[in-house]
Amino acid sequence: RSEEGELRDPRLGMMLGPWRLDGKVGDGRAAAVYVATQFGGERAAVKIMHARFKGDELARRRLLREASLARRLSEHRAVTRVMEADVTKAGEPFVVMERLYGRDLDRLRDDDGRLPVRLVLAIALEVLDLLEWLHPQGIVHRNLSPFQIFLTLDGQVKVLDFGAAWVRDEAQAQGPG
């Protein structure tokens, strides 16, 4: 337990190769996201599958597939750069990504739940540019929401979480069904 009486996350301080997990910044259905520091001081975000899914081969493949897809797509400015993907000693897949500073659109809204129209239009143009780039490659994100669109402090738009993406080549390889 911490001094405040909260349960301490057992992953804090954990080393994943050169990355030390410093703090938790998010918690999703299948994975948690941590801030990590490399030996040289570089900061990153690390997404690690929850331990309860450790034996779930489908969940494991899904997270590693998401990392592979994001790495493939990271040449687009609206896709978060993936640095590496691997599995912890305990068998939990993880992905190391560029650390983003800013907020997702859900947290960016004001007290009335609104965003300035000019900002919305600028964000929409960036998201549409990404979608226009993805679709000829046979990729559909399938999970766009205010939680999946991130605005960095320097005004860059990033679309997050390609875990639910549909990829034509994968669908064709699986055949009809």
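Author: In what follows, a residue is called buried when its relative accessible area is under 20%, exposed when the area is over 50%, and partly exposed in between. The model discussed here is a predicted one.

Reader: Is Arg62 buried or exposed, or does it fall in between?

Author: Arg62 belongs to helix α1. Its relative accessibility is 38%, which lies between the limits of 20% and 50%, and therefore Arg62 counts as partly exposed.

Reader: Which residues does Arg62 touch beyond its neighbours within four places in sequence, and how far from Ala164 does Arg62 lie in space?

Author: Once the neighbours within four places in sequence are set aside, the contacts of Arg62 are with Arg29 and Gly163. Ala164 stands 102 residues away from Arg62 in sequence, while in space the two C-alpha atoms are separated by 8.5 Å.

Reader: In what order do the strands of the six-stranded sheet follow one another, and which of them stand at its edges?

Author: The sheet is open, its pairing is antiparallel, and its six strands follow the order β1-β2-β3-β4-β6-β5. A strand with a single partner has one side left without a neighbour in the sheet, and because this holds for residues 15-16 and for residues 82-87, the edge strands are β1 and β5.

Reader: Which strands of this sheet does helix α1 touch?

Author: Helix α1 covers residues 57-73 and packs on the sheet, where its direction makes about 160° with that of β5. The strands that helix α1 touches are β4, β5 and β6.

Reader: How are β5 and β6 joined, and which residue in the turn of their hairpin has a positive phi?

Author: These two strands run antiparallel and are joined by five bridges, with Val82 placed opposite Met97 in β6. Strand β6 is mostly covered, since six of its six residues are buried. The hairpin that β5 and β6 form has five residues between the strands, and the residue of the turn with a positive phi, about 90°, is Gly91.

Reader: Where does His76 lie, is it buried or exposed, and which side chain makes a polar contact with that of His76?

Author: His76 is placed in the loop between α1 and β5, and because its relative accessible area is 6%, which is under the limit of 20%, it counts as buried. Leaving aside neighbours within four places in sequence, His76 is in contact with Asp129, Leu130 and Trp133. A polar atom of the His76 side chain lies 3.0 Å from the backbone nitrogen of Ala78, and the side chain that joins that of His76 in a polar contact, at 2.8 Å, is Asp129.

Reader: What is the order of the three-stranded sheet, which strands stand at its edges, and by how much are neighbouring strands turned on average?

Author: This open sheet has antiparallel pairing and the order β7-β9-β10. Its edges are formed by β7 (102-104) and β10 (157-159), each with a single partner strand, so one side of each is left without a neighbour in the sheet. With direction ignored, neighbouring strands here are turned against each other by an average of 25°.

Reader: Which residue takes a positive phi in the hairpin of β9 and β10?

Author: Four residues lie between the two strands of this hairpin. The residue there whose phi is positive, near 90°, is Gly155.

Reader: How far from the ring centre of Tyr101 does Arg99 lie?

Author: Arg99 is placed over the face of Tyr101. Its distance from the ring centre, which is within the limit of 6 Å for a charge over a ring, is 4.6 Å.

Notes
Residues are numbered from 1 along each chain as its sequence is written. This is a predicted model: local features need pLDDT of at least 70, side-chain atom pairs count only at pLDDT 80 or more; totals for chains, interfaces and linings use all residues. Side-chain values use heavy atoms; hydrogens and water are left out. Two strands pair if DSSP finds at least two bridges between them. Contact means heavy atoms within 4.5 Å. Axes are lines fitted to C-alpha atoms, for helices over the stretch in contact, and angles run from 0 to 180 degrees between N-to-C directions. A charge sits over a ring if NZ of Lys or CZ of Arg is within 6 Å of the ring centre and within 35 degrees of the ring normal. Buried means under 20% relative accessible area, exposed over 50%, partly exposed in between (1.4 Å probe, protein chains only). A polar contact is a pair of N or O atoms within 3.5 Å; within protein, one must be able to donate a hydrogen and the other to accept it, and residues adjacent in sequence count only if both atoms are side-chain atoms.
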